[in-house]
Amino acid sequence: MKFFRKLRQTLLSEGKIGKYLKYAIGEIVLVVIGILIALQINNWNQKKQADKEFKTAIEQIYTHLHAAKEVDTWDISVVEEQLELCKAMQSNIDSFSNFEILRNAHFLDWMSGTGTRLLNFDDFLSKIEFDPNDKAKSSLVFHLNQFFIALYDALDHDFMNLKEKYFEPIFKRNQMPISTGQVGTSIKMAKEGEYTILSEYAINKIDSLKYSNEFQSALQSTEHRIERILGTLKFRKSESEAVREMLLRYDDNLELKYDGIIIEGTAINGENSQPMNLTNANEGIWTAKMKLINGNIKFKSTYAHYFSWGGSGGKLGELKFWGEPIDVTSGEYFITVNFEKMEYKIEQK
């Protein structure tokens, strides 16, 4: 700095005004260039950080869409079962015992599809913004907002209009116990008949109700309601899949961002849970080496405990959202879960 100051003073003292002005302008240009470079570096760092946050947000959306697919698959299977049962009762109600008719009626009043807002995307949408300089990103943001705000809100509205129960009013008028309607217990109650709504009084009362016009009308109305729910669920699932594919077209390196996976169950000796290790983020593969005792296990997300997986109850190795506990025997095991393929392996060592 002293050198440059001395140079300026020398030029002025020698009356070399032209050279002084050229020098001064050059010095100003250098300062401006330095400022512009600093701004460019700052902008580049900000863009890099924004791109990182954007990818994190869409990976979280991608992961939740993966879970949403499993929620919808489960909901659809339940509603299809309800529809088949409702049609069978209308076709030949005498093929069912009074106990089965009462149990089935409660099951038909229970509405699946309650997982619509189980997956809240609003937090993720707030983290992604339009970028006027990036056409692909802006297009993606636009379609994500259209999908989650327009479609999911519309589906929420549809589900709200489909909550009417047609058998419950009949049971109330006849002083029969009704379901509490608690999600998670209702379907178990309806299928297994473990709760007090299946009282002896209620079972006997069905004998005088099952042929009545109001009971038959309730079956018909329930069938129409179930068909609308089924159509809505299938549409939501197909649209969710389309959005997931759109995200992969934007970035085919997206990872399933389950923050952590643990193993729970009666087979874990002396521990409430056992953490798993992420070994392949692209395919969502988690592994664990552990000792188990006779019992069962399930897999659960540490981010959201309503994300849990078990067996399909049928095909060995098939992973199912909200599936059944997987039975194991005592021994040392290497356990692998693949969320992309929805498979699991339990290999004894």
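Of the 349 residues of the chain, 42% count as buried, where buried means under 20% relative accessible area, exposed over 50% and partly exposed in between, with a 1.4 Å probe and protein chains only. The model is predicted, so that local features need pLDDT of at least 70 and side-chain atom pairs count only at pLDDT 80 or more, while totals for chains, interfaces and linings use all residues. Residues are numbered from 1 along each chain as its sequence is written, and side-chain values use heavy atoms, with hydrogens and water left out.

The secondary structure comprises nine helices and ten strands, taken as DSSP runs numbered from the N terminus (helices: H or I, at least four residues; strands: E, at least two). Among contacts in the chain with a separation of 6 or more, 73% join residues 24 or more positions apart, a contact being heavy atoms within 4.5 Å.

Two residues illustrate the accessibility classes.

| Residue | Place | Relative accessibility | Class |

Leaving aside neighbours within four places in sequence, Lys210 is in contact with Ile93, Asp94, Asn98, Ile101, Phe215 and Gln216. With the side chain of Asn98, the Lys210 side chain also makes a polar contact at 3.2 Å, that is, a pair of N or O atoms within 3.5 Å, one able to donate a hydrogen and the other to accept it, where residues adjacent in sequence count only if both atoms are side-chain atoms.
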